[in-house]
Amino acid sequence: MWAIFALFSAFFAALTSIFAKIGIDGVNSNLATAIRTFVVLLLAWFIVYITGVSRQIPDITRKSWIFLILSGLTTGASWLFYYKALQAGSASKVVPVDKFSLVFTVIMAYFILGEALTIKVVLGGILITAGTLLMIL
C-alpha cells in the first residue's frame, strides 16, 4: 500500500507545483505560502477530527512533540524557499531541484538515522544528481 500512497503523493505534489506557479502570479511568495499553509492546516485538522484521532493528542510524547515541531519549522522554511524559487524560475527547473531533497535525505538518513548505504542507493543518488543537473542546465 505504501507505493500506492507514494504515487498519489507524487501526483498531488506535481499538481501542487503547477497550481502554485499559476497562483503566485502577482502575489508575494511569502503571502502565497501563508495562504497555502492555512489551507493545509484546515484540511489536516478536519481529517484529524472526522477520523477521531484527535483523542490521541494527550498520548504524544515530549520527544515526538519536539521533532514534529522541528519538522513543521523545516517544512515552513522549505515551502517559503520553494515558493520564492517558483516565483523567480520555471516550474520545470525549480521542481527537479526541490526533489533533489531525496539525495539530501539519503545522506542525512545515513549519518543521523544510521540507515544503510547500499550500492543500489548510492547509484540511485548519483543518477538522481545527474538527472537533476541535466534538467536544470
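A: The largest pocket is lined by 49 residues. Thr75, Ser78, Trp79, Asp98 and Lys99 lie nearest its centre. A pocket here is found on a 1 Å grid over the protein atoms alone: an open set of points where a 1.4 Å probe fits, with protein on both sides within 12 Å along at least five of seven lines. Lining residues have an atom within 4 Å of a point.

This is a predicted model, in which local features need pLDDT of at least 70, side-chain atom pairs count only at pLDDT 80 or more, and totals for chains, interfaces and linings use all residues. Residues are numbered from 1 along each chain as its sequence is written, and side-chain values use heavy atoms, leaving out hydrogens and water. The mean pLDDT (the predictor's confidence in each residue, from 0 to 100) is 94 for the protein.

Now the space itself. The largest pocket holds about 1800 Å³, a volume filled by probe spheres set on the points, which are joined across faces, edges and corners.

H1, H2, H3, H4 and helix H5 (101–113) each give at least two lining residues. Helices are DSSP runs (H or I, at least four residues), numbered from the N terminus. H3 supplies the largest share, eleven residues.

The lining has 35 nonpolar, ten polar and four charged residues. Ala, Val, Leu, Ile, Met, Phe, Trp, Tyr, Cys and Pro count as nonpolar; Asp, Glu, Lys and Arg count as charged; the others, Gly among them, are polar.
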